[in-house]
Amino acid sequence: GLPWAGALLFAVGLFTICEYGFNLYTGKAGYIAEDFSNVRYMGFVAGVLAVNLVTTFAAGAGLSFLYTDIAESARTLYSAKLSAPLARSFVSAVLCGVLMFAAVDTKKRGTRLGIFLAVPAFILAGFDHSIANSFYGGLAVGADTLAFGSECGDIDVLRKTAEFLSSEDYKSAIAAARDENPHLQAGALRNLVLGRSLGSVP
């Protein structure tokens, strides 16, 4: 894909949020550390988080019905996130939070450069952004996944894909794909292997 294009677009998005004073959880949470006794601000941040999660998930879910091909890709990618070890996801989210705080705080101090350095850094490093993940989660939802029970085929696919990601077959497939495509980055190799495997998942 075009990781730099995505990194640049995300940076432009955060720049827009900062310029217009919109509320983004990852841009607000770091300031809690300035005064842990400020319960009012903590409540404000909690409210921002709730609104961000609901709106981004709803936006992703809405788009999943309009762009079904993108939604299918999102389900494949999101299954990889769900299968990641909890400790790894936590560290990834913390590192993303540090970079997001640095981006926003440098903007408040009078320079925009931090946004266009810190945001691409966390995108290209593959760190987990909680609000972006909420959008991806909504995008991974489809008509079938809204139906609970045995007819929910997409959830079964996600479970089996997660099992595949933790298997020796996945490691072997990654090694083979790397030999075939030495120019691809780790994320692109993973997507290639997952795309190939979906049709063979029983």
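Modeller: Helices (H or I, at least four residues) and strands (E, at least two) are DSSP runs, numbered from the N terminus. This is a predicted model, in which local features need pLDDT of at least 70 and side-chain atom pairs count only at pLDDT 80 or more, while totals for chains, interfaces and linings use all residues. Residues are numbered from 1 along each chain as its sequence is written, and side-chain values use heavy atoms, with hydrogens and water left out.

Colleague: What pattern does the protein follow along the sequence?

Modeller: The protein has 10 helices and 0 strands. Read along the sequence, the pattern is therefore written with helices, as α-α-α-α-α-α-α-α-α-α.

Colleague: In which helix is confidence lowest?

Modeller: The predictor's confidence in each residue, pLDDT, runs from 0 to 100, and its mean over the protein is 80, with 78% of residues reaching 70 or more. Residues 143–155 stay under 50, and where pLDDT is low, the predicted coordinates should not be read in detail. Confidence is highest in helix α2 (residues 25–28), at 93, whereas the lowest mean, 57, belongs to helix α8 (residues 153–165).

Colleague: With which residues is F122 in contact, leaving aside its neighbours within four places in sequence?

Modeller: Contact means heavy atoms within 4.5 Å. With neighbours within four places in sequence left aside, the partners of F122 are F10, C96, L99, M100, F127 and H129.

Colleague: Is N133 buried or exposed?

Modeller: N133 lies in helix α7 (residues 130–139), and beyond four places in sequence N133 is in contact with Y78, K81 and D128. Because its relative accessibility is 15%, N133 counts as buried.

Colleague: Which exposed residues does the face of α9 turned away from its buried side carry?

Modeller: The buried residues of α9 are Y170, I174 and A177. They cover an arc of only 70 degrees around the axis (taken from the directions from the helix axis to the C-beta atoms), which puts them on the same side of α9. The face turned away from that buried side carries the exposed residues E168, D169, K171 and D179.

Notes
Buried means under 20% relative accessible area, exposed over 50%, partly exposed in between (1.4 Å probe, protein chains only).
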